[in-house]
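This report describes one protein chain for a reader who is new to structures. Please look at the sequence and the model first, then read on.

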Amino acid sequence: VLMAPQVPGLRILRLAKNGQVVKKGEDVIQFDTATMEQNLYTRNNSVKSAQGSLEQQIAQEKDDDVNYALSKMIATYTLENAKLTASQAEVLSKIAGEQDRIAVGVADGALAQQKSQLNAMWVGDEATILQSREQVANTLKNRDLALTYLGQMEIKAPTDGNVNILQNFRATGTFGQGGAPPFKEGDNAWAGAAIAEIPDVSQ
């Protein structure tokens with residue numbers, strides 16, 4: 001028995017004639033691939049878009065790392081310079097020394113803020129990249145599924161024999177009736193529908 005694949009939206013494009021003699025490997029049923037090809041095209045574009053977005057975010061993370069590392073280095077230098085100046089407070093006036101100690105506090109706060117921003121940036125970038133990687137994985141999975149569907153649009157004869165076209169029990173107005181017409185080209189088919197058979201006449 002030749003059955004429709006587990007694919008949504010099937011429509012029979014070509015179908016062997018009832019009683020037709022076929023050889024093993026010859027096409028018996030061909031489904032319309034137009035929708036599947038469009039679906040594959042769309043999913044390929046989704047993969048390219050997701051991969052491009054991921055690459056852009058990775059590049060942005062590298063830029064952020066460089067920029068924040070530079071800001072941290074400047075803040076560290078400012079703090080160390082303020083400490084050096086403050087260490088000379090003993091030979092400076094009391095007011096000047098107090099100003100230098102304030103400057104150390106300000107520089108120390110600025111460095112702490114830079115570290116906090118850097119950590120927040122790392123966490124945010126990593127979360128965004130992880131999400132993008134998952135998006136790429138999902139689009140690849142959907143693309144592969146579309147390829148699998150497209151590869152099931154032809155059903156070939158598993159053996160030599162005569163084709164017997166089976167009844168379409170879902171034909172308009174005949175659902176569940178015994179006198180349903182046989183499948184024909186242009187009919188819609190559902191997943192797992194028995195469309196034709198090649199009886200084993202050797203027994």
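## Salt bridges

Asp-187 and Lys-184 are joined through their side chains in a salt bridge, with an N to O distance of 2.9 Å. A salt bridge here is a side-chain nitrogen of Lys or Arg within 4 Å of a carboxyl oxygen of Asp or Glu. Side chains of opposite charge can pair when their charged atoms come close. Asp-187 counts as buried because its relative accessibility is 10%; buried means under 20% relative accessible area, exposed over 50%, and partly exposed in between, with a 1.4 Å probe and protein chains only. Salt bridges that share partners also join Asp-27, Glu-154 and Lys-156 into one network.

By this rule there are five salt bridges. One of them pairs Arg-11 with Asp-32, whose closest N and O atoms are 2.9 Å apart. This pair links distant parts of the chain, 21 residues apart: Arg-11 is in strand β2 (residues 10–15), while Asp-32 is in the loop between β4 (27–31) and α1. Arg-11 is partly exposed, at 31% relative accessible area, and Asp-32 is partly exposed too, at 24%.

## About the model

The model is predicted: local features need pLDDT of at least 70, side-chain atom pairs count only at pLDDT 80 or more, and totals for chains, interfaces and linings use all residues. Residues are numbered from 1 along each chain as its sequence is written, and side-chain values use heavy atoms, leaving out hydrogens and water.

## The chain as a whole

The protein chain has two helices and nine strands. Helices (H or I, at least four residues) and strands (E, at least two) are DSSP runs, numbered from the N terminus. Their order along the sequence is β-β-β-β-α-α-β-β-β-β-β. The chain has 203 residues, of which 29% count as buried.

## Arg-143 in helix α2

Arg-143 belongs to helix α2 (residues 94–150). Arg-143 forms a salt bridge with Asp-144, and the closest N and O atoms are 3.0 Å apart. Asp-144 is partly exposed, with a relative accessible area of 38%.

Which residues does Arg-143 touch, not counting those up to four places away in sequence? They are Leu-40, Arg-43, Asn-44 and Val-47, where contact means heavy atoms within 4.5 Å.

## Ile-74 in helix α1

Ile-74 lies in helix α1 (residues 34–87). Ile-74 counts as partly exposed because its relative accessibility is 47%.
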